[in-house]
Amino acid sequence: MLLLYAGTDPVAGTPDTRRREYSQWARDVAAGGTAISGEELSEDAREVPPAPGVPPVGPLPRGFFVLSAPDLDAAERIASTCPHLRYGGRIVVKRVVS
């Protein structure tokens, strides 16, 4: 799973332009033989109140992609080509436990 986090600088371009660019990137990844799907997450979020003494969550992801890769190194190589990085965002690669 690629978790996409916002950067700290203002983002250039329009949201529609970025969505098209991310969609094209995902189609290119899929054309290379890697199964991939993803979604953008809305700004609306609510944290269920944690138990007393538990700190609140940190920054929330802005979107995600789920892809099929043989290992974290391969997933990281794919993530390194994601347009999200060009817009100053961060990507965290995590393995889904099955």
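This is a predicted model: local features need pLDDT of at least 70, side-chain atom pairs count only at pLDDT 80 or more; totals for chains, interfaces and linings use all residues.
Reader: Okay, which residues of helix 2 are buried?
Author: Ala74, Ala75, Ile78 and Ala79. Buried means under 20% relative accessible area, with a 1.4 Å probe and protein chains only. Helices are DSSP runs of H or I with at least four residues, strands are E runs of at least two, and both are numbered from the N terminus.

Reader: Where do those buried residues sit around the axis?
Author: On the same side of helix 2, because they cover an arc of only 140°. The arc is taken from the directions from the helix axis to the C-beta atoms.

Reader: And what covers them?
Author: The cover includes strand 1, helix 1, strand 3, helix 3 and strand 4.

Reader: New topic: how many residues are in the largest nonpolar core?
Author: It has 14 residues, and Trp25 is one of those with the most contacts inside it. Such a core is a set of buried Ala, Val, Leu, Ile, Met, Phe, Trp, Tyr and Cys residues joined through side-chain atoms within 4.5 Å.

Reader: Which element gives the largest share of this core?
Author: Helix 1, with 4 residues.

Reader: Last one: is His84 buried or exposed?
Author: His84 is buried, at 8% relative accessible area, and has its place in helix 3.

Notes
Residues are numbered from 1 along each chain as its sequence is written. Side-chain values use heavy atoms; hydrogens and water are left out. Buried means under 20% relative accessible area, exposed over 50%, partly exposed in between (1.4 Å probe, protein chains only). Contact means heavy atoms within 4.5 Å.
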